[in-house]
Amino acid sequence: ESALKSGDLDGERSTRERLEMMKWKEALYGVSMTEEEALKEMGGSLENVSDFFEKFLGGRGSRVHMRGVGGNDPRVSIGRVCDIEEMVWSPQFGLKGKIDATVGICIDEEEEYIVPWELKTGKMLSEIGSVDHRAQVIIYSLMLSEWVGPVPAGLLFYLKSGHMTGVAGSLPERRALIMKRNELARVASTGGVSRMPEVVRKKHSCLRCPQLRNCMLHHRGIED
């Protein structure tokens, strides 16, 4: 994200500079890893970052799968980085969040739009991204639209596989997310955390959920 804001296209050099910082030296010491070992571990990811810069920053950009926008695979270029880890709040939806990066993009070399860009450290297993990642970007797009006007789509970049996909968010997806938001708001207003929705209890979903530990602790704490 820092390299994105600075425009430093030399991923290895900028990473070496950051590893020289004391906080990263301490972190490497804590996991018994040298700077060279860390660079080797991140080798593939650094190449993907460099490829991303070459494709999308400046120039005509590159094709991105963006279902429902510009014939599904429009040419996208990033003209500027507006902010990094921007805190956005939405009075309309009663939500707030921190966007990895807010960027100005051109779709098929037309007018500029301000959209959310989210960085994920794993691999893209589907050309449209995972459900939870899509939901996050759709919500950020809705929130951002209150402040900057129309947001045709957000962007998801998967660091490990080097893929980027657009998330336009269909009407059914947006409606489902707003309904879930309303359900949580209703629960919070009527009984607070002691009356949270029932546990999903689906092994496949729960094992991959980033809130697994928090959810388990909360429900264990209120069980009779």
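**Close-up 1. Glutamate 183 and lysine 180, about one helical turn apart in helix H7.** In this predicted model, the two residues sit 3 positions from each other along helix H7. They form a salt bridge, with 3.6 Å between the closest N and O atoms. Lysine 180 counts as exposed at 52% relative accessibility, while glutamate 183 is partly exposed, at 29% relative accessible area.

**Close-up 2. Arginine 134 and glutamate 173 form a salt bridge.** Here the closest N and O atoms are 3.0 Å apart. Arginine 134 belongs to helix H6 (residues 131-148) and glutamate 173 to helix H7 (residues 171-190), so this pair ties together parts that lie 39 residues apart in sequence. Have a look at the surroundings of each partner. Arginine 134 is buried, its relative accessible area being 8%; glutamate 173, at 24%, is partly exposed.

**Close-up 3. Aspartate 108 meets arginine 63 in a salt bridge.** The closest N and O atoms are 3.9 Å apart, which still counts because the cut-off is 4 Å. Arginine 63 is exposed, with a relative accessible area of 52%, whereas aspartate 108 is partly exposed at 30%.

**Close-up 4. The pairs in context.** Side chains of opposite charge can pair when their charged atoms come close. Searching the whole structure turns up 4 salt bridges, among them the one between arginine 134 and glutamate 173.

Terms used. Residues numbered from 1 in each chain as written. Predicted model: local features only at pLDDT ≥ 70, side-chain atom pairs only at ≥ 80, totals over all residues. Heavy atoms only, no water. Salt bridge = Lys/Arg side-chain N within 4 Å of Asp/Glu carboxyl O. Buried < 20%, exposed > 50% of the residue type's maximum accessible area, 1.4 Å probe, protein only. Helix = DSSP H or I, 4+ residues; strand = E, 2+ residues; numbered from the N terminus.
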